[in-house]
Amino acid sequence: MPEDLNWAIGGEAGDGIDSTGKIFAQALSRAGRHVFTSKDFASRIRGGYTAYKVRTSVDRVDSVVDRLDILIALTERTIDENLDELHDGSVIIYDDERTTMQDVNIPEGMIGLPVPLKRLAEEAGGAIMRNVVALGAACAVAGFPIENLDEALEKRFGDKGRAIVENNEEAARLGQEYVAEEYDYDFGYELECTDADYVLLNGDEAIGMGAIAAGCRFYAGYPITPATDVMEYLTGRIDQFGGKVVQAEDELAAINMALGAARAGARAMTATSGPGIDLMTETFGLVATSETPLVICDVMRSGPSTGMPTKQEQGDLDQLLYGGHGEVPRFVVAPTTIAECFWKTVEAFNLAEKYQLPVYLTSDLSLAVTEQTFPPEEFDMDAVEVDRGKVVDESGIESWLDDKGRFQPHYPAEDGISPRAFPGTTDGAHMTTGLEHDSLGRRTEDAEVRVEQVDKRARKVETARREETWDYREFGDPDADTLVLSWGSNEGAMREALAFLDEKGIDVRFVSVPYLYPRPDLTPEVDDAETVIVVECNATGQFADLVEHDTLTRVERVNKYTGVRFKADELASEIEQKLAESPEVQA
Amino acid sequence: MSSEVRFTDFKSDKQPTWCPGCGDFGTMNGMMKALAETGNDPDNTFIVAGIGCSGKIGTYMHSYALHGVHGRALPVGIGVKLANPDLEVMVAGGDGDGYSIGAGHFIHAVRRNVDMTYVVMDNRIYGLTKGQASPTSREDFQTATTPKGPNQPPVNPLALALAAGGTFIAQSFSSDSQRHTELVKRAIEHDGFGFVNVYSPCVTFNNVDTYDYFRDSIVDLSETDHDPTDYDDAKRKILDLDKEYMGVIYQHDESVPYGRREGLSESMADIPDGAPDGATDLVREFY
Ligand SMILES: Cc1ncc(C[n+]2csc(CCOP(=O)(O)OP(=O)(O)O)c2C)c(N)n1
Ligand code: SF4
C-alpha cells in the first residue's frame, strides 16, 4: 500500500473548488509525487456542494480510499459531507471569520484549524485569492514546501500577467506563515519531493490525445457530461493537425456527420454518454451495414434516462453489446486506466478501419473526471501505429472492379474484408446503403445475396478474433484460488485492494478485461479458480452475466450502484466478505 | 473519367422503379444535367439520399453515394464536405424526410451554410409508405391517417430557410426540365448551402397537387422583375401563400460558406502511418 496523504477542498459550486484543487494536484505532480484526484459533484443532502480530492504518494496511486487527512472546508456542509472519511487527527482548515463558519462544529478528535482566509487574501491583493491562502495553509500542515505551488500558480494565472501570479504566490505564503506562527504543532506529515517528471491528465483528455495521435481528423459531438471534455480537449488542438471539431445540433446529427466524414476517408469519431448513445443507436446499424469505420465513445454515467448525470456507473454494457435492431457486428473496447484510454483509442481507430465497422470505446465518469500522474513515456508517440486496412487507390482499383468495371465496396472476400475506395478515387464511384445490398452496394432482397452479405460481415469479426489479440491484464497471485474479474475503470481500485487483502493473508488473482466484444475466453481461468468474484459498477451484473454465459459457471457478484466508484479499502472488505459467505470457502 | 462528362455518366445501370409519371424522374434528370454542366464527374461527386421514394435516387444515379437513415441525410452531407472540400456534395430527399423527421437538421444545415446542394423532392405526401400526410400537405388533405386532413397548416420550407439565415433559396418544378436544371446548377454554383424545393408530383397518392395544378399556378420569377438579392422582396414572395413561385427567390450575394470561414480547404483523408508530427507536444502540455 502506498504511503499516502488524502487532501480535499470543498464548498459551493462556483467557489473555484476545481481550479484550486487542480493547482494543488499540479504542484504535487511537479514536485515528483504521484497524484490521483476525484471530484464530488452533487450531494446526498441537496444541490450545490462540490469537492476536489487529491490522493498523493511517492508511489503510484490508482484509486481513491475511504480516508481524508486534510480538508479545506469553505462551507460547514463540506464537513458533514465527508464525515465518513474524516478520522481522528484529520485536520480541517476553515475561515472562522466568515459569518457562516463562526459556529462550526469540529467533530471530536479532529483538529480544527481556523485561518482568516479572506482577510489574508485581501492583504495579498484581493479576497478572490482566499482559496490560495488555504492552499498555503494546507502546505504548512502537510509539510509540503511552498515553492512547489509557484509553478502551478504560474500555469494557472500566467496569462493574467506577472502581477497576478505574484499576488497569488504572496497569498499562499501568508496562509502558510499564519499556520506556522499560530499553531506550534507537528501534524506529522512531511511530503517528500522527488526528481521524477510526471504528466497529469484525465481520461477524456487521454481519449482526445489518443484520437489526434491516431490521425483522427473529424470530430462531431453534442455536449454531455461526462464526455464534453473530449470535445473541449480536441477543440483548437485537432485544428493544428488539419482536423475539425463540429458541435452538432444533436447526437443524431453528430454521428451522421462523423459517418459522412468517415465515408469521405477521414478518421472520424464522436463521443457522448448514455442519453446520446440512445440517439446514436438509430444510425449505429447503418454505420455497421455500410461497413464504415467509426469510433463512438461512450463515457458512461448513471442511468437510466437522465439518471444521475454526474455520478459513476457502468450500466451501458448491454446497450453497447446488443443495442440496435437487427444483428449488428461491432467491437466494444473498454480502457481500464487513464493511460489505457489513450492506447485503446489508438487501437479503436485501427480496429475500425481494418474491419470496417463501428467500434464502441467506452470509459466512464470516474475515468473522465480523475486526474492521474504518469511518466510521460507512457504516452510514447513513436509507438503509435496507424493501420488503415484495405484502402485502394487508382493504381490498385482495377482488381476490385466487377466484369462491368464497377467497384465493389462490399465484395465478399474470404476474410470478409472488402476494399475501400475514398471518394475522388478514379473509377471508384460506388454507393452504399442501410438497406441490405449486394457487393456493389445496391439494395437487394435476394435470399442468396442477403445470406452472403450477412456471412461476410460476420466473417470480418471472425477474422478479427483470429488476427488480433483480445487479452486481459493480470495482477496479484496467478496461483490463487480466488479469481476476481472486472472490466473498465475498476482496475485501479482493485489493484490497490490486492494490497489490503494481502495484508489480511488473502491471495487473489485479479484479471482486468478491456475487451468486451470480442472478448477473451475466460473458461480456463474460471475453471482453475475455486471462487470467482465479478466486480462492476452496476446493479444487475452485466459483465458477470457474460462471464457466466461464456464459462457456464456461476460467479459471485460485487456490484456498486450508489453513483460513487469503488474505493480500494472498501472493495477489499467487500471481497473479504464475499469470500466469507462463499460456500466453496466454507466447505 | 474522361474530361468530356455527359449527364448520362451520372446514370447507374439500375432501372428506376418509380411509378410511371412520377415527378422524381424529372427531378433526377435535372440533377444529373446540372452536375455534368457544372464540370463534375461521378468520381468527385458524393450524393447523400434520404429515405422515401425520392431517396431511391442514390441508387439510380452513379457517383459516390450513401443512402442513409430516414431524415439524417443533411448531417451526412455536411460531414462529407467538411472532410473533403474537393468533393461536390449533393443531398436529396423527400418533404417528409427533410421537413418532418429531419426538420431539425434542415434548419441547422441552412444556418451552417456548408457549400453543398440540397434538393427536396416535394410531393406533399409520403409516397413510399403509400400515401399519408406530409408536413407540406394541405390543411384539409384527406389521407388514411388524416381522414379530416392534417388539421394544421403546412410548413413553409422556404420561410423556414429564410428565417434560419438561408443564403440560397429556390423553388423549381420537375416537369420544367430546362428551368429545373438551371436552378439546380445555380444552387451548385452558389458559395454556400444551395437549397432547391422541387415540386415533384406523386401521381399515385396525391390527386390534389398534380402536374395540372402546378402548371396552372406556378409563377416563373424569371418572367418578372424579381431581384433575388432583395431580402424584403424575397420575404414577401415567400410569405405569399396564394402563389407557387418558381426561380431563385433569395440569394445572398456575399455568402461565405462555413468551410471557408473555418479555414478548411484540404481533404482529411491523408494521414501519416504513425502519430502526426508535433504530437509529443500534446504530452508536454500535461506537465
Ligand atoms: C425511422 C423511420 N421511420 C419511418 C420510416 C418509414 N418511412 C419510410 S419513407 C417515409 C416517408 C417518406 O416520405 P417523403 O420523405 O415525403 O418521401 P417520398 O416517399 O414521398 O418521396 C417513412 C415514414 C423509416 N424508414 N424510418
Ligand atoms: S408513390 Fe408517388 S412518389 Fe412514389 S414513385 Fe409512385 S408516384 Fe413517385
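**Close-up views of the predicted model**

**View 1. In a right-handed crossing, helix H5(A) passes helix H6(A).** A crossing is called right-handed if the near helix is turned clockwise from the far one by less than a right angle, and left-handed if it is turned anticlockwise. This is a predicted model, in which local features need pLDDT of at least 70 and side-chain atom pairs count only at pLDDT 80 or more, while totals for chains, interfaces and linings use all residues; side-chain values use heavy atoms, with hydrogens and water left out. Residues are numbered from 1 along each chain as its sequence is written, and chains are lettered from A and ligands numbered from 1 in the order in which they are written. H5 covers residues 147-157 of chain A and H6 residues 162-182 of chain A; their axes come within 9 Å and cross at roughly 145°. Axes are lines fitted to C-alpha atoms, for helices over the stretch in contact, and angles run from 0 to 180 degrees between N-to-C directions. Helices (H or I, at least four residues) and strands (E, at least two) are DSSP runs, numbered from the N terminus. The residues that H5(A) brings to the contact (heavy atoms within 4.5 Å) include A:Leu149, A:Leu153 and A:Phe157, and those of H6(A) include A:Ile164, A:Val165 and A:Ala172. By class, this contact of H5(A) with H6(A) has 6 nonpolar, 1 polar and 6 charged residues. Ala, Val, Leu, Ile, Met, Phe, Trp, Tyr, Cys and Pro count as nonpolar, Asp, Glu, Lys and Arg as charged, and the others, Gly among them, as polar.

**View 2. Helix H3 (residues 117-124) of chain A also packs on H6(A), at an angle of about 140° and with the axes 8 Å apart.** H3(A) is therefore oblique to H6(A); angles under 35 degrees count as roughly parallel, over 145 as roughly antiparallel, 65 to 115 as roughly perpendicular and the rest as oblique. This crossing, too, is right-handed. A:Leu120, A:Glu123 and A:Ala124 of H3(A) meet H6(A) residues including A:Leu174, A:Gly175 and A:Tyr178. The contact residues of H3(A) and H6(A) divide into 5 nonpolar, 2 polar and 2 charged.

**View 3. In chain B, helices H3 (residues 73-83) and H5 (residues 103-112) pack at about 30°, with their axes 9 Å apart.** H3(B) is therefore roughly parallel to H5(B). From H3(B), B:Leu74, B:Pro75 and B:Ile78 meet B:His105, B:Phe106, B:Ala109 and B:Arg112 of H5(B). By class, this contact of H3(B) with H5(B) has 5 nonpolar, 1 polar and 1 charged residues.

**View 4. Ligand 2 is surrounded by residues of chain B, including B:Trp18, B:Cys19, B:Cys22, B:Cys53 and B:Cys202.** A residue is near a molecule if one of its heavy atoms lies within 4 Å of it. The shell around ligand 2 has 7 nonpolar, 2 polar and no charged residues.

**View 5. Chain B contacts chain A through 52 residues, which touch 69 residues of chain A.** The area buried between the two chains is about 4,900 Å², and carbon and sulfur atoms give 64% of it. Buried area is the accessible area (1.4 Å probe) that two parts lose on being put together, summed over both. On the chain B side, B:Tyr64, B:Phe286 and B:Tyr287 lose the most area to chain A, together 17% of what that side buries.

**View 6. A cis peptide bond leads from A:Thr225 to A:Pro226, with omega near 0°.** A:Pro226 is in the loop between strand S8 (216-221) and helix H8 (228-234) of chain A. A:Tyr517 and A:Pro518 are likewise joined by a cis peptide bond, with omega about -15°.
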